[in-house]
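The following exercises concern the arrangement of one protein chain.

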Amino acid sequence: MTITEEIQALKKEKNAVILAHYYVEPQVQEIADYIGDSYYLSKVASETGAGTIVFCGVSFMGESAKALNPEKIVLMPDISADCPMAHMADTETIKNMREKYEDLAVVCYINSTAELKRHSDVCVTSANAVKIVKALPNKNIFFIPDRNLAHFIADQIPEKNFIYNEGYCPTHDKMQTEEMQKAKSEHPDAKVLAHPECPKTVLQLADYVGSTSGIIKYATESKDMEFIICTEEGVSYELTQRNPDKKFYFTDTLPVCPDMKLITLKKVLHVLKTKDNEVHMDSGLAQETRRPLNRMLELAK
Ligand code: SF4
C-alpha cells in the first residue's frame, strides 16, 4: 500500500476529514478533503460531520477548529508548526487600550492564539476583514496582531479610528519592492496579485490585493495569462491546478513559510494511526474563543 492509500483507508476507518491550508506542501494538499485559506477552513471545521479533524496547518488553526468543535478530535500532523505572528500581541496592551478608548472594538486577525482571541470582540480573516469592521458599531478599532493588514483595511474605512499593533508575518513582511520591480521588468505583461500581509510599498505596486482565496479567484477569472504572485509560494499548487495554461511567477526570494512546510504525508499518516498531537483546550477557553469566531462567521454571512 502506498502512503496515500494508507491515509485514505485510515481516514475512512476513523471517520476523519483532512483540511489543508494552501501554504502546505503540494503532496499534502493532494490528499486533503478540503483545501483553503483560514476563513474557508474555519467554516468547514464548524460544519463538518466527521468525528476527527486532521488539520494540516499551523497551531492557531487547530485551536480554532477545536474551539468550534469541542466534542471532536482535532489532530495536528506537527504540533511544533506555529505561526510567529499569532503571538505578536499581548493581553496587557488590550486591557490598556480598553481603558484608554471608549467605544473600542478589539478586532483579532484569525492568525492569533486562542488566548488573544478570547480577549477580542470579533475575529476576521483577510477575506472578510473590511466587511466585518465596517459592520461594527464601534468608532475605535484596535486591530491585532498584523500591522500591514490593519493599514490595508484602515485605508478602506476612513470613518473609523484605527489603533495599530506592531505584529507582522515574517514571510510576507520581508517582500521587497526592488524584487517586485525586477519581476515586473522581467514579465511586463504580468499582473501583480498581492496579499495584504505584505508591506504597503509592495501593495502599492499591485494590480489586485486580496486574501489567498481572493488571489486564486482573481487569477482564475482573469483574461490575463501571466501573474506575479506576492504571497506564500504553496499557493502555486492550486493556481496551476485551476489554470494549467497560465504562468505564475514569484520574487527571487521565494516567500516560504517554514512552519507550514513542516507538514508532511508521513506526519499525517502518523497522527491518523496514533492520535498523537491531539489539540486539547479547557472548556472555558474554548467557549471564550468561540465567541469572536462565531461573531465573525455570523457577520461574514
Ligand atoms: S505565512 Fe505568515 S501568517 Fe501564515 S502561518 Fe506562516 S508566518 Fe503565519
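Domain bounds are taken from an automatic or database domain assignment. The model is predicted, so local features need pLDDT of at least 70 and side-chain atom pairs count only at pLDDT 80 or more, whereas totals for chains, interfaces and linings use all residues. Residues are numbered from 1 along each chain as its sequence is written, and side-chain values use heavy atoms, with hydrogens and water left out.

**Exercise 1.** State how the chain is divided, and how far apart the centres of domain 1 and domain 2 are.

*Solution.* Step 1: the chain is divided into domain 1 (3–81 + 260–281), domain 2 (85–169) and domain 3 (175–249). Step 2: taken over C-alpha atoms, the centres of domain 1 and domain 2 are separated by 27 Å.

**Exercise 2.** Describe the interface of domain 1 and domain 2.

*Solution.* Step 1: contact means heavy atoms within 4.5 Å; eight residues of domain 1 are in contact with ten residues of domain 2.

Step 1: buried area is the accessible area (1.4 Å probe) that two parts lose on being put together, summed over both. The two domains bury about 620 Å² between them, with 64% of it on carbon and sulfur atoms. In domain 1, the residues that lose the most area to domain 2 are Y39, F60 and E63, together 62% of what that side buries.

Step 2: a salt bridge is a side-chain nitrogen of Lys or Arg within 4 Å of a carboxyl oxygen of Asp or Glu.

Step 3: helices (H or I, at least four residues) and strands (E, at least two) are DSSP runs, numbered from the N terminus. On the side of domain 1 that touches domain 2, α3 (38–47) and α4 (59–68) each supply at least two residues.

**Exercise 3.** Which strands are joined to β9 by bridges?

*Solution.* Step 1: two strands pair if DSSP finds at least two bridges between them. Step 2: β9 (residues 191–194) runs parallel to β11 (residues 226–230), and four bridges join them; V192 has I228 as its bridge partner in β11. Step 3: β9 and β10 (residues 208–209) also run parallel, joined by two bridges, and L193 stands opposite Y208 in β10.

**Exercise 4.** Why does the salt bridge of K11 and D33 tie together parts that are apart in sequence?

*Solution.* Step 1: the whole structure holds 18 salt bridges. Step 2: in the one between K11 and D33, the closest N and O atoms are 2.8 Å apart. Step 3: K11 lies in helix α1 (residues 3–13) and D33 in the loop between α2 (26–31) and β2 (34–36), so the pair ties together parts that are 22 residues apart in sequence.
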